[in-house]
Each structure stands twice: as C-alpha cells, then as structure tokens.
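I opened the model today to look up its fold, its overall dimensions and the surroundings of its ligand. My entries follow in the order in which I checked things.

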Amino acid sequence: MSASPASPLVGVVMGSRSDWETMQHAVQKLEALGIAHEVRVVSAHRTPDVLFEYAATAQARGLRAIIAGAGGAAHLPGMLAAKTAVPVLGVPVQSRALNGMDSLLSIVQMPAGIPVATFAIGQAGAANAALFAAAMLANDQSAVAAALAAFRQRQTDEVAGADDPRR
Ligand code: RP5
C-alpha cells in the first residue's frame, strides 16, 4: 500500500494492477488538491478476503470515500459498498473486449438498497470520481473547498484564455 503521510481520507482501490493506467488519474487529482489518500489493488474475485477486510475496516480507519475502479465483470465497487457504510464511487475501466460497456453496466446497475455512485468509463471517470470525493470532503474541510474552487477557477481561466480554436 502506498499512502500519503497524513491519515488517508480517500481510498483508491482497483481490481488489478492493469487498472492503474486509468486510476492514476484519480490519484493525480487527489494529489493536486492535497487530499490524503491511499492506493491499493484489491480484487473481488482473486483476493475476496482482502476485499472484505478492506471494506470492514474502512470506516474505523477514517476513510470518508472509496474510489473503486474495475473492468469487465466489475463487481469490486458493489461488493465494497455491500460491506461498508463509506460512500463508494465506482469507475468503470475500459475493457479490451467490450470497451468498458461491461464495466459500466456492472457498476451502475446496482439493485435498490446498496448504492454505488458511478462515473464515466475510463480516465474521465477516474478524474471526476476524485473531484466528487473532494466535493464531499469540502462540506466540512475548508482547505479542500479552497483547493477545489481554485482548480475550477484555473480550468475556467484556461478555456477563457484560449477560446479561439485556430490559435
Ligand atoms: C478486473 O479484471 C480488473 O479490474 C481489470 O480491469 C480486469 C482485467 O484484469 P487483469 O486480467 O488485467 O489483471 O478484475
């Protein structure tokens, strides 16, 4: 496990090391916003006991959100959500066979009762899951609220400063 020095508020988990190419975009956003986080590979089908342990201890360890990325038959986010009260933000990883449609439908189609917030397939979803976790934390953490507002302002300024696509 890699963790930022402060006690992690956000857990970033993924079903395989092969998901890192996608999930690194969530981690980059958390780092840019100064949000303490941890990163782990937790596979629902290859390491189910690790998944249960991770979910069962998440709240007591202080996690406020779990960003979970998986591809294919992507049951990791739903299984985590079934085992913890910590909000789970699901990121569908783009699969080779079905371009991530399988991942998306596996994550988004949770039966009523156990919610998983589901984001776009791939890099955009990973980045937005981190920004969403930041927005949740910003409700009671003024430093995160300020960092998020600054990020959004920079983004606005970048578009406004280059609004002629020919240049
Ligand atoms: C899922 O299977 C993972 O989340 C990954 O997206 C997919 C493929 O995993 P690997 O075979 O690359 O390890 O569990």
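I began with the secondary structure of this predicted model. I counted six helices and six strands in the protein. Reading along the sequence, I noted the order β-β-α-β-α-β-α-β-α-β-α-α.

Next I took the extents. The C-alpha trace spans about 50 × 40 × 30 Å along its principal axes. For burial, I found that 41% of the 167 residues count as buried. I also looked at contacts with a separation of 6 or more, and 70% of them come from residues 24 or more positions apart.

I turned to the ligand. Which residues are around it? I listed G15, S16, S18, D19, S43, A70, G71, G72 and V93. Sorting this shell by type, I got six polar residues, two nonpolar and one charged.

My last entry concerns W20, which I located in helix α1, residues 20-32. Is W20 buried, partly exposed or exposed? I found 16 C-beta neighbours inside 10 Å of W20; buried would need 20 or more and exposed 12 or fewer, so W20 counts as partly exposed. W20 and V93 are 73 residues apart along the chain, and I read 9.6 Å between their C-alpha atoms.

Definitions and conventions:
Residues numbered from 1 in each chain as written. Predicted model: local features only at pLDDT ≥ 70, side-chain atom pairs only at ≥ 80, totals over all residues. Near = placed C-beta within 6 Å. Nonpolar A, V, L, I, M, F, W, Y, C, P; charged D, E, K, R; others polar. Helix = DSSP H or I, 4+ residues; strand = E, 2+ residues; numbered from the N terminus. Contact = placed C-beta atoms within 7 Å.
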